[in-house]
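The sequence and structure come first, followed by the notes.

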Amino acid sequence: MSPAQRPGRERLRGLFVLADDDPRWPHGPVAQARAACAGGAQVVQLRAKRATDRETLELAREIRRLTAAAGVLFFVNDRFDLALLAEADGVHLGQEDLSPSDLPEDVRRRLLVGRSTHTLAQARGAAREPCDYVALGPLFGTSSKESAYGARGTALLEEVASLSAP
């Protein structure tokens, strides 16, 4: 099954919310996911950079229950194994993570796959990988995540978006 034919891929539009375990946020990732579902998100992605694997799996399972009840897609950041264990809809892979091409075929059939990019060259590379979507960022300055690339701006976003335009 090609990435374009995979179930759920057509739902990768609309509000995409990161539920983050950053202690600077007043609410944890489960509360963030609950609010995102109530607020109309189409996708919730768990980004748990500070949690242990066990804690991440617990968070993922709880968020999976919330998103399933709300009809919202759920992705786990970085870890396809935890995404599978939590019965997530997908996994989001960064530049330092496994390449989507490295995922076993049965995993790619089961999970939607997203890819982070920060440059036009990375986006072009991701367009050749078995991905269901490509993310670009950060577009604007942020304190939620360190980036060696800085704010990318909307001009680069337009150029990356044109890679997938019909």
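In this predicted model, Arg24 sits over the face of Trp25, 5.4 Å from the ring centre. A search of the whole structure also finds three aromatic pairs, and helices H1 and H2 have axes that come within 10 Å.

**Aromatic rings**

- Of the three aromatic pairs found, one is formed by Phe16 and Phe75, whose ring centres are 6.0 Å apart.
- The planes of Phe16 and Phe75 stand at 45°, so the pair counts as tilted, the class between under 30 degrees (stacked) and over 60 (edge-to-face).
- This pair links distant parts of the chain, with Phe16 in strand E1 (residues 16-20) and Phe75 in strand E3 (residues 73-77), 59 residues apart.
- Phe75 is buried, at 0% relative accessibility, whereas Phe16 is partly exposed, at 32%.
- Phe16 and Phe75 belong to one aromatic cluster with Tyr133.

**Packing of H1 and H2**

- Helix H1 spans residues 29-38 and helix H2 spans residues 53-70; their axes cross at roughly 10°.
- H1 and H2 are therefore roughly parallel to each other, as angles under 35 degrees fall in that class.
- On the H1 side, the contact is made by Pro29, Val30, Ala33, Arg34 and Cys37.
- These residues meet Leu59, Glu62, Ile63, Leu66, Thr67 and Ala70 in H2.
- By class, the contact of H1 with H2 comprises eight nonpolar residues, one polar residue and two charged residues.

Methods. Residues are numbered from 1 along each chain as its sequence is written. This is a predicted model: local features need pLDDT of at least 70, side-chain atom pairs count only at pLDDT 80 or more; totals for chains, interfaces and linings use all residues. Side-chain values use heavy atoms; hydrogens and water are left out. Rings of Phe, Tyr and Trp (its six-membered ring) pair if their centres lie within 6.5 Å; planes under 30 degrees apart count as stacked, over 60 as edge-to-face and the rest as tilted. Helices (H or I, at least four residues) and strands (E, at least two) are DSSP runs, numbered from the N terminus. Buried means under 20% relative accessible area, exposed over 50%, partly exposed in between (1.4 Å probe, protein chains only). A charge sits over a ring if NZ of Lys or CZ of Arg is within 6 Å of the ring centre and within 35 degrees of the ring normal. Axes are lines fitted to C-alpha atoms, for helices over the stretch in contact, and angles run from 0 to 180 degrees between N-to-C directions. Angles under 35 degrees count as roughly parallel, over 145 as roughly antiparallel, 65 to 115 as roughly perpendicular and the rest as oblique. Contact means heavy atoms within 4.5 Å. Ala, Val, Leu, Ile, Met, Phe, Trp, Tyr, Cys and Pro count as nonpolar, Asp, Glu, Lys and Arg as charged, and the others, Gly among them, as polar.
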